[in-house]
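Please read the points below with the sequence and the model open beside you.

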Amino acid sequence: MNLSDVPEYQAAIPDIAAGPDNTEGLLRLRRQLELGLPLTPRPYAKLAEMSGLSEQQVMIAIRQWQTQGLIKRFGLVVRHRTLGYAANAMVVWDVPDDQVQDVGQTMAGTACVTLCYQRPRRGLDWPYNLFCMIHGTDRQRVLSQLQSLITDNGLQHIPHAVLFSTKAYRQRGGRYVSHS
Amino acid sequence: MRLDATDQQLINFFQRDLPVCERPYEAMSRQLGIAEDELIQRLQSLQDNQVLSRVGPVFEHSQAGASLLAAVAAPHEQLDLVAARINRAPGVNHNYAREHTYNLWFVMTAPDEETLDERLDELEHQLRLPILRLPMVQAYHIDLSFEIDWEALP
């Protein structure tokens with residue numbers, strides 16, 4: 001991908017005195033950041049060294065990406081499974097179209113729901129348009145949380161299916177920039 | 001896996017808003033009342049023990065590039081085989097077996113929509129299975145962090 005074609009990169013760092021090669025440096029920074037922050041006393045200096053930018057440029061870029069929403073969260077990324085959250089259920093719902101926004105917002109405000117997305121239906125084969133994720137230490141706990149979610153919010157009339165995960169074949173952060 | 005009180009606090013405090021300053025780990029260590037090198041060591045061992053997948057940013061999919069949730073209905077006895085083929089495709093960052101006729105669920109990412117479609121078409125061709133393509137229409141809750149109930153853990 002040629003990053004100079006992507007508008008958010010052109011606008012990314014207006015207040016850095018841009019060298020001719022700044023765009024490439026930012027691309028390298030993105031690629032390094034997707035792999036995680038180095039665990040060394042000066043991690044931004046290390047990233048700077050790896051991407052050909054200055055430490056200041058790296059910190060400014062990260063702050064701006066946070067402000068712009070390109071980085072939605074910057075912190076420790078926990079593997080809940082290792083900690084003992086052994087059960088995770090994707091619960092899918094067939095919500096009437098005119099209620100999907102209300103129901104989605106209600107679910108999103110519930111503590112046990114960690115993700116909530118609207119997605120398109122795909123015919124009779126896949127009638128569900130709302131997805132939420134519930135994590136718990138075991139299957140029974142997840143099911144009882146789901147039951148509370150339904151009864152507390154009056155969702156009994158909405159058809160749903162519960163898809164527990166049985167095996168994780170891969171779990172890692174998104175890598176949008178080419179790493180080849 | 002049981003963590004000690006300091007590790008628990010470290011995770012409670014810093015799932016978001018990691019400091020962006022010259023010595024972020026030093027700033028974090030002051031909040032926890034430990035030394036910088038101890039904090040770095042704790043992060044390293046949490047990472048080595050697979051408690052943390054990484055320290056760093058979670059990019060917003062819709063701005064970072066293209067991605068979608070996809071599913072296939074694999075014949076039960078070929079589940080592992082099909083999952084391995086999916087993992088070999090470029091851009092796959094999550095891949096779970098789930099209890100449903102659609103029994104493999106994965107997230108495919110790409111720098112742009114066109115590449116994403118090409119990758120899915122190619123994978124569909126390789127697997128000889130139709131891929132259910134479910135792009136996000138609207139996010140109501142997209143924050144991947146949640147408060148950990150340490151007491152409830154085994």
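Which residues have the most contacts inside the largest nonpolar core? Point 2 takes this up, after a word on the model.

1. This is a predicted model, in which local features need pLDDT of at least 70 and side-chain atom pairs count only at pLDDT 80 or more, while totals for chains, interfaces and linings use all residues. Residues are numbered from 1 along each chain as its sequence is written, and chains are lettered from A, with ligands numbered from 1, in the order in which they are written.

2. The residues with the most contacts inside the largest nonpolar core, which has 35 residues, are Leu29(A) and Val58(A). A nonpolar core here is a set of buried Ala, Val, Leu, Ile, Met, Phe, Trp, Tyr and Cys residues joined through C-beta atoms within 7 Å. A residue is buried if 20 or more other C-beta atoms lie within 10 Å of its own, exposed if 12 or fewer, and partly exposed in between, with the C-beta atoms placed from the backbone. Elements of both chains give two or more residues to this core, among them α2 (22-35) and α3 (43-51) of chain A and α1 (5-13) and β1 (52-59) of chain B. The element that gives the most is α4(A), with 5 residues. Helices (H or I, at least four residues) and strands (E, at least two) are DSSP runs, numbered from the N terminus.

3. Once its neighbours within four places in sequence are left aside, Leu29(A) is in contact with Leu47(A), Ser51(A), Leu53(A), Val58(A) and Ala61(A). Contact means that the C-beta atoms of two residues, placed from the backbone, lie within 7 Å.

4. Chain A has 7 helices and 5 strands, and along the sequence they follow the pattern α-α-α-α-β-α-β-α-β-β-α-β. Of its 180 residues, 36% count as buried. Among the contacts in chain A with a separation of 6 or more, 57% come from residues 24 or more positions apart.

5. The contact between the chains takes 62 residues from chain A and 67 residues from chain B. On the side of chain B that touches chain A, the largest share, 8 residues, comes from β1(B). That side divides into 36 nonpolar, 19 polar and 12 charged residues, where Ala, Val, Leu, Ile, Met, Phe, Trp, Tyr, Cys and Pro count as nonpolar, Asp, Glu, Lys and Arg as charged, and the others, Gly among them, as polar.

6. β1(A) and β1(B) pair in the antiparallel sense over 7 bridges, and Phe74(A) stands opposite Pro57(B) in β1(B). Strand β5 (residues 160-171) of chain A is joined by 5 bridges to β2 (residues 87-93) of chain A, running antiparallel, with Met90(A) opposite Leu163(A). β5(A) is likewise joined by 5 bridges to the antiparallel strand β3 (residues 92-98) of chain B, where His94(B) is the bridge partner of Gln171(A).

7. Two residues of chain B deserve a look at their backbone angles. Asp17(B), in the loop between α1 and α2 of chain B, has a positive phi of about 55 degrees although it is not a glycine; Asp17(B) is exposed, with 11 other C-beta atoms within 10 Å. Arg128(B), in the loop between α6 (113-127) and β5 (132-134) of chain B, also has a positive phi, near 55 degrees, and counts as exposed with 6 C-beta neighbours inside 10 Å.

Definitions and conventions: Two strands pair if DSSP finds at least two bridges between them.
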